[in-house]
Amino acid sequence: MTTFLALYRTLLGAVASRGRVAALGALGAAAVLVGLAVGLSDPVDADRAGVQFVNGLGLSVLVPVIALVFASSAFGDLNDDGTLVYLWLRPLPRWQLATAAFAASLTVTVPLTVLPLCIGAALTGAGGAVVAGAALAVALGVLAYVALFCALGLRVQRALPWGLAYILIWEGFVAQAGRGAGRLAIRAYTRSLLSQAADVRLRLGAESVPTAVIVPIAVAVAAVGYTTFRLGRHDVP
Amino acid sequence: MQPPSPSVRAERLSKWYGDVVAVSDVSFALGPGVTALLGPNGAGKSTVLRMLCGLTPPSQGTVEILGRNPRRDVQASRQLGLVPQQEGVFEQHDALAFVRLAAVLHRVADPEAAARAALATVELDADAHQPVGTFSKGMRQRLKVAQALVHDPHVLILDEPLNGLDPRQRLHLIELFGRLGAAGRCVIVSSHVLDEVERFGSRILVIAHGRLAAEGDFRAIRNLMDDRPRRFSVRTDRPSDLGAHLLGSRIASAVEVRPDGQLMVETGDAPRLRHELAPLAAHIGARLTELEPLDEDLESVFRYLVGPR
């Protein structure tokens, strides 16, 4: 446990740089302001407006982008500056390092996504069901994205453009084409949760609640497992 | 009785990146003591060291650290300390936190005390709460040495550890590596600075063009180079006469008399020169004051081994 905590603290320090937290915190603050603006515009259907806000700004942009920036840096930065060797060349099981990177990225991503989006959703005037649905959808989305982008940061040298390509091209475009492709996008499950909780129909939001809960968790477990596997085969600079 | 197994064993080690061969068919076995890994920049030294630590897999061949595969068996790193070549460290940590982290991850019984002792060994102040990001290059090098020593490993691998150090710190670390080698640790130090390597000790591995060019005591290596002419400096009151007689008796293959009277002699048969020079000088009535071999230092060995073929 001591070794895990030492890894976690070190990775948290590396991931949560002041610049990153400030920039992405500002993005969250902007989301709160957007929610407030929506609420002040006195929407006809407040629940629908709240769902559109969480879906359009939160699940499509804020959650994946913030998760990408933090999680891909967990191993990406250490690879780039040559410090990964100080964690890798130690007599510890690789899963500890993979899990510590995942936990450190979660620690900083969760408050910067869940809080502003839930506050923003509440400020739109939406009901409690929408806010609760947003909290669950965002939390599960963060879980899956963080695990995926941790693995991506270890696997490729320029994780940010690759991650953005996944978010914008795959999830934003290809996955919209049909349910088959949509099932390969995390957004389909987070939208489904929000849609079911708020009882508002959303495109790509047709998965059942158990599926929408289980799949992001399974993706997270599989991605952390893959990161563990890759760490054993990684070419450490 | 079985001979003691080596601490580090590399067997037919090769590494290539696409069409570029970085290391080719390198084999050696090292026990306790200091071994200098020598080679020009880009010769493949760092690649060999990275393969020894398991940081990169060999394309071919095997590595063992105390009988374990460092790539597959994380327990191999329990007895392994590495000073990597790159300067990157956890910039926000202070020196004590950085070295204590290594101690904690190695499950050292008292990480705080071990970290303080390791920092004291490299003459860094454990109580200076200065972020290591503000450290000079020399301080970073010593910090990296401290984190490699903190768990008292049996095998210590140091990639250009003296870069950026001032002469006093260099001497201090050279003595430290010597003490560790004498205490039974297997210390492998890479360098491309020859006078530095000469002070580590006489055991060398020479890597040139990705291949192992030589292994062993560098003086013994030089002695084995029978095909290379040896150069000597001779001081005498009659350099021209002595030079002519050395050529005439075919002891020397070339001679040169310098303006200051120094006689430079090149010979393919150094033992004969040593044996016959004094009688020859006596025979012609020359007074011999000095006979000094000029190419038994590491630099000349290195020049012969890695120079253009």
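**Entry 1: the open sheet of chain B**

I began with the sheet in chain B, in which six strands form an open arrangement in the order β5-β6-β7-β3-β8-β9. The pairing in this sheet is mixed. I note here that the model is a predicted one.

Which strands stand at the edges? They are β5 (80–83) and β9 (211–217) of chain B; each has a single partner strand, so one side of each is left without a neighbour in the sheet. I also looked up the twist, which averages 15 degrees from one strand to the next.

At the β9 end I followed the pairing with β8(B), residues 203–208. The two strands run antiparallel and are joined by six bridges. Within this pair, I found Arg203(B) bridged to Asp217(B) of β9(B).

At the β5 end I looked for a helix. Helix α4 of chain B, residues 137–149, lies across β5 and β6 (155–159) of chain B. Its direction is at about 170 degrees to β5(B).

**Entry 2**

Next I took strand β1(B), residues 8–17, and asked which strands it pairs with. One partner is β2(B), residues 20–30, in the antiparallel sense over seven bridges. Another is β4(B), also antiparallel, over five bridges.

I picked a residue pair from each. Trp16(B) stands opposite Val21(B) in β2(B), and Glu11(B) stands opposite Thr62(B) in β4(B).

β1(B) and β2(B) form a hairpin with two residues between the strands. In this hairpin I noted Gly18(B), which takes a positive phi near 60 degrees.

**Entry 3: the nonpolar cores**

I then looked at the largest nonpolar core, which has 158 residues. Which of its residues touch the most other members? They are Val146(A), Ala147(A), Cys150(A) and Val99(B), so I read this core as drawing on both chain A and chain B. Its largest share, 18 residues, comes from helix α6 of chain A, residues 128–155.

**Entry 4: chain B as a whole**

I looked up the domain assignment of chain B and found domain 1 at 8–223 and domain 2 at 225–295. How far apart are the C-alpha centres of the two? They lie 43 Å apart.

The C-alpha atoms of the chain fill a box of roughly 75 × 45 × 45 Å along the principal axes. I counted off its secondary structure as 10 helices and 13 strands. Chain B has 309 residues, of which 44% count as buried. For contacts in chain B with a separation of 6 or more, 67% are between residues 24 or more positions apart.

**Entry 5: where chain A meets chain B**

The contact between the chains takes 18 residues from chain A and 22 residues from chain B. On the chain A side I asked which elements give two or more residues. These are α1 (2–15) and α4 (85–88) of chain A, and the largest share, five residues, is from α1(A). By type, the chain A side divides into nine nonpolar, six polar and three charged residues.

**Entry 6: two leucines of chain B**

I looked up Leu55(B), which sits in the loop between α1 (45–53) and β4 (60–65) of chain B. Is this residue buried or exposed? Leu55(B) counts as buried because it has 22 C-beta neighbours inside 10 Å, and the cut-off is 20 or more. Beyond four places in sequence, Leu55(B) touches Val85(A), Val236(A) and Arg50(B). Leu55(B) and Gln75(B) are 20 residues apart along the chain, with 14 Å between their C-alpha atoms.

The other leucine is Leu173(B), in helix α5 of chain B, residues 167–182. Leu173(B) has 23 other C-beta atoms within 10 Å and is therefore buried. Its contacts, leaving aside neighbours within four places in sequence, are Val145(B), Pro161(B), Leu162(B) and Leu165(B). I also checked Arg142(B), which is 31 residues from Leu173(B) in sequence; C-alpha to C-alpha, the two are 8.5 Å apart.

Terms used: Residues numbered from 1 in each chain as written. Chains lettered and ligands numbered in written order. Predicted model: local features only at pLDDT ≥ 70, side-chain atom pairs only at ≥ 80, totals over all residues. Pairing = 2+ DSSP bridges. Helix = DSSP H or I, 4+ residues; strand = E, 2+ residues; numbered from the N terminus. Axes fitted to C-alpha atoms, helices over the stretch in contact; angles between N-to-C directions. Contact = placed C-beta atoms within 7 Å. Core = buried A, V, L, I, M, F, W, Y, C linked by C-beta atoms within 7 Å. Buried ≥ 20, exposed ≤ 12 C-beta atoms within 10 Å, placed from the backbone. Domains from an automatic or database assignment. Nonpolar A, V, L, I, M, F, W, Y, C, P; charged D, E, K, R; others polar.
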